[in-house]
Amino acid sequence: MIRVGICDDDEQTRDWLARAIGTDRELTVTRVAGSGEAALHRPGGVDVWVLDIRMNGISGIETCRALRAQSNPPQVLMFTALADTEAPEATQAGAVGFLYKGATQVQVCNAIEMAASGLFVSTQGAARELLHSSPAPRDPRAYRTIVLDPTDEVIASLLMQGASERHMADAARLTVSGLKKRLAAMRRRAGVDSSPRLMAALYRIRDIQRT
Amino acid sequence: MTTDMMTTPPTSEQFAAFVQKVRDANASLRSVATVLRGSDQLARERLTAASALREGIDEIEAAGGKMHCVREPEGAVDNLPCDVDAVAGRILAEALHNVAKHADLAEPCVVSIERALHRLDFVVANRIPPKPPSMTGGMGLLDLGTHAEVVGGTATSQAEGSNWVCMVSLPLKDKEEMT
């Protein structure tokens with residue numbers, strides 16, 4: 001039995017996905033989350049997450065990145081309305097494929113089973129984007145100097161979105177004190193001494209794709 | 001004034017926009033002159049960082065946008081030295097007005113302000129819309145650096161990938177140091 005998590009901020013979509021997945025005897029929905037934060041709050045017990053890309057709060061891509069950074073990571077399928085162009089970033093974040101809103105119930109179930117097997121699932125449009133995409137960061141060495149690991153990645157993305165320290169600490173599963181130490185280390189590596197300057201440096205070296 | 005306006009009579013809207021620009025420019029000059037004169041009382045009666053922040057966020061929200069504002073500490077823009085307050089207010093007003101006017105308001109905009117012992121730093125960032133509006137030659141963003149220089153600070157405002165980022169640093173000096 002493949003355990004499936006659904007993460008979408010639209011209730012109707014969550015219900016439709018749960019019904020679609022319920023028609024397949026090989027699949028069972030074990031988690032339903034209305035936001036990336038909720039998915040990351042208790043992420044275990046799922047083999048394949050179906051994530052909406054565009055959500056309020058933490059985006060689907062950032063959620064995917066955080067889920068894939070776990071020690072025993074689940075597979076992640078991105079569920080999107082359009083956005084072939086988001087395929088490269090989602091893939092870099094660790095997504096194993098793309099499901100399009102408008103897919104049939106059978107297509108959804110087949111895609112989840114393929115993802116659980118580690119097979120890549122994609123439309124032709126997304127595959128084309130992947131083929132022609134260039135590496136995202138404008139200066140990957142500079143970015144990696146500041147952002148060392150997946151926890152830094154979560155912090156950096158939220159910092160650039162103006163998140164509070166409490167929000168960043170929760171998302172990165174740190175205490176506020178631990179978060180402050182992380183931020184201080186990132187500032188040191190960036191050669192700056194304030195959060196606004198760190199933000200400006202991050203914007204300069206990484207063109208964040210907020211979704 | 002654009003070439004079109006020189007060859008064809010301006011519409012009443014164009015004329016009103018031009019008059020408003022002149023008024024803004026005058027207000028800006030008065031603000032700088034006030035700072036240079038060191039008149040605390042006059043400057044306090046005009047724009048402050050706190051009022052500019054409040055009004056800028058209101059303007060963005062009225063335009064349908066969402067602003068994430070982080071202050072470190074919470075009162076980072078309260079009780080600033082008079083000259084820095086006036087300059088920070090002018091820059092914040094301009095930067096936030098431009099967010100309201102030009103940003104992709106479907107995405108949240110960010111202002112982060114940090115006040116340290118000897119410096120006030122702030123960054124205003126927003127997503128550039130897929131089809132950026134043409135710039136109409138307003139005084140605005142180009143002047144931010146000039147405003148910051150009045151108090152010995154720096155300000156840059158430029159596109160960074162698909163974001164527009166305005167970064168400002170203003171030194172905070174003791175009154176004794178300034179005289």
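These legends describe close-up views of a predicted model.

**View 1. Overall make-up of chain B.** Chain B holds 7 helices and 5 strands. Read from the N terminus, its elements follow the order α-α-α-α-β-α-β-β-α-β-β-α. Chain B has 179 residues, of which 45% count as buried. Among the contacts in chain B with a separation of 6 or more, 73% come from residues 24 or more positions apart.

View 2. With a relative accessible area of 22%, A190(A) is partly exposed, because the buried class requires a value under 20%. Leaving aside residues up to four places away in sequence, A190(A) touches I146(A) and L198(A). A190(A) and L202(A) are 12 residues apart along the chain, and their C-alpha atoms are separated by 8.6 Å.

**View 3. Packing of helices α8 and α11 in chain A.** Two packed helices are described by the angle between their axes and the distance between the axes. In chain A, the axes of α8 (residues 150-160) and α11 (residues 195-205) come within 10 Å and cross at roughly 105°. The helices α8(A) and α11(A) are therefore roughly perpendicular.

**View 4. Residues joining α8(A) and α11(A).** From α8(A), the residues in the contact are A156(A), L159(A) and M160(A). They meet L198(A), M199(A), L202(A) and Y203(A) of α11(A). The residues of this contact comprise 7 nonpolar, no polar and no charged.

Terms used: Residues numbered from 1 in each chain as written. Chains lettered and ligands numbered in written order. Predicted model: local features only at pLDDT ≥ 70, side-chain atom pairs only at ≥ 80, totals over all residues. Heavy atoms only, no water. Helix = DSSP H or I, 4+ residues; strand = E, 2+ residues; numbered from the N terminus. Buried < 20%, exposed > 50% of the residue type's maximum accessible area, 1.4 Å probe, protein only. Contact = heavy atoms within 4.5 Å. Axes fitted to C-alpha atoms, helices over the stretch in contact; angles between N-to-C directions. Parallel < 35°, antiparallel > 145°, perpendicular 65-115°, else oblique. Nonpolar A, V, L, I, M, F, W, Y, C, P; charged D, E, K, R; others polar.
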